[in-house]
Amino acid sequence: MHNSSNSLKAVALLGLLSAILIVGGRWLAGDQGIYIGLVIAVVMNGASYFFSDKLALAMSGARPMTPEYAPQTYARIAPMVESIARRMNIPMPKLYLTPEPSPNAFATGRNPSHSSIAFTAGILQLMDDRELEGVIAHELGHVLHRDILISSVAATLAAAITALSRMAFWFGGSGRRDDREGGSGFEALAMLILGPIAAMLIQMAISRTREYDADAASAKYIGSPYPLIGALRKLDAFAKRIPMEANPATSHLYIMKPLGGGGLMKLFSTHPNTEDRIQRLEGLR
């Protein structure tokens with residue numbers, strides 16, 4: 001059920017990405033821009049499928065976690081990941097480490113055979129081993145449910161929408177000035193505002209339910225909801241003390257929302273409320 005639903009969503013997002021690029025090309029460069037947008041769409045769709053995980057890891061500043069690069073950390077984390085992956089009957093993912101002091105983690109990739117988990121330095125310092133097991137099982141839950149493909153594609157889509165809106169602002173839709181003189185400035189400003197909002201709406205649409213499902217997978221394969229409950233409480237508290245300014249295009253990937261904000265920003269939250277997640281986990285006892 002998870003697999004087929006997420007595959008359809010990934011196809012829909014790739015189709016949306018193509019439409020946005022083609023329409024954006026038409027708006028920026030006239031009829032010729034349609035063909036430019038189509039070529040870019042083909043390239044972006046291929047890149048989204050095959051390389052979106054590498055893009056997400058690069059934007060986070062992640063480096064491979066190996067016995068050579070981080071021997072002590074690898075010796076601590078790798079056995080946990082391997083054990084839980086075996087319980088879920090999925091391949092061992094690649095491990096990455098980011099220097100970010102704010103505690104967080106995310107999974108990315110196109111399928112269980114091509115998956116990666118990245119940990120911040122902060123989460124490794126904050127969590128005890130049992131809490132880390134809860135976090136690892138949550139991230140592997142995303143891998144098991146194949147959430148990682150749609151999340152990685154959405155990250156690429158969000159980045160593309162934001163980049164297109166900025167291009168529209170600076171270039172002002174020059175390809176259509178002959179059609180509507182004087183309107184390009186207003187439209188460019190509108191796209192600058194609406195582009196990031198559209199990106200956030202896409203992230204919001206795909207992220208909330210999948211977090212509950214990954215939380216439930218953690219409780220199931222660890223055998224208890226309490227390791228993740230403890231981890232979520234720590235993550236929620238320390239995220240406020242040490243805010244993480246992650247790239248907005250990848251904020252939906254993390255186990256805990258890395259960007260702060262209240263008011264209208266809550267409408268665009270990519271994650272469920274932490275207390276709601278804890279209440280659901282407590283109901284799994």
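Student: How many of the five residues of S2 are buried?

Tutor: Four of the five are buried, and S2 is mostly covered. Buried stands for under 20% relative accessible area, exposed for over 50%, and partly exposed for what lies in between, using a 1.4 Å probe and counting protein chains only. Keep in mind that this is a predicted model, in which local features need pLDDT of at least 70 and side-chain atom pairs count only at pLDDT 80 or more, while totals for chains, interfaces and linings use all residues. Residues are numbered from 1 along each chain as its sequence is written, and side-chain values use heavy atoms, with hydrogens and water left out.

Student: And how many helices and strands does the chain come to?

Tutor: The chain has nine helices and four strands. Both are DSSP runs numbered from the N terminus, where a helix is H or I with at least four residues and a strand is E with at least two.

Student: OK, what order do the four strands take in the sheet?

Tutor: They form an open sheet in the order S1-S2-S4-S3, and the pairing is mixed. The edges are S1 (63-64) and S3 (105-111), each of which pairs on one side only. Two strands pair if DSSP finds at least two bridges between them.

Student: Which way do the pairs run, starting with S1 and S2?

Tutor: S1 and S2, which covers residues 94-98, run antiparallel and are joined by two bridges. Pro-64 has Tyr-96 as its bridge partner in S2, while Arg-63 stands opposite Leu-97.

Student: What about S3 and S4, how many bridges join them?

Tutor: Six bridges join S3 to S4, and the two strands run antiparallel. They form a hairpin with two residues between them, and one of the paired positions is Gly-109, whose bridge partner in S4 is Ser-115.

Student: You said S3 is an edge strand, so is S3 buried or exposed?

Tutor: All seven of the seven residues of S3 are buried, so S3 is largely enclosed by the rest of the structure, even though it pairs on one side only. Helix H5 (residues 129-144) lies across S3 and S4 (114-120), at about 25° to S3. That angle is taken between N-to-C directions on a scale from 0 to 180 degrees, with axes fitted to C-alpha atoms, for helices over the stretch in contact.

Student: Back to Ser-115, what is Ser-115 in contact with?

Tutor: Contact means heavy atoms within 4.5 Å. Leaving aside neighbours within four places in sequence, Ser-115 has contacts that include Pro-93, Lys-94, Val-143 and Ile-148. Ser-115 counts as buried because its relative accessible area is 5%.

Student: New topic: where is Ser-102?

Tutor: Ser-102 sits in the loop between S2 and S3, and a relative accessible area of 2% makes it buried. Among the residues it touches, not counting those up to four places away in sequence, are Thr-120, Ala-239 and Met-244. The C-alpha atoms of Ser-102 and Pro-258 are separated by 8.4 Å, although the two residues are 156 residues apart along the chain.

Student: How many salt bridges does the count come to?

Tutor: The count is nine, where a salt bridge is a side-chain nitrogen of Lys or Arg within 4 Å of a carboxyl oxygen of Asp or Glu. In one of them, the side chains of Lys-234 and Glu-131 meet at 2.9 Å, N to O. This pair links distant parts of the chain, with Lys-234 in helix H8 (residues 226-241) and Glu-131 in helix H5, 103 residues apart. Lys-234 is partly exposed at 26%, whereas Glu-131 is buried at 10%.

Student: And which residue does Arg-277 form a salt bridge with?

Tutor: Its partner is Asp-215, with the closest N and O atoms 2.9 Å apart. Arg-277 lies in helix H9 (residues 274-282) and Asp-215 in helix H7 (residues 184-222), so the pair ties together parts that are 62 residues apart in sequence.
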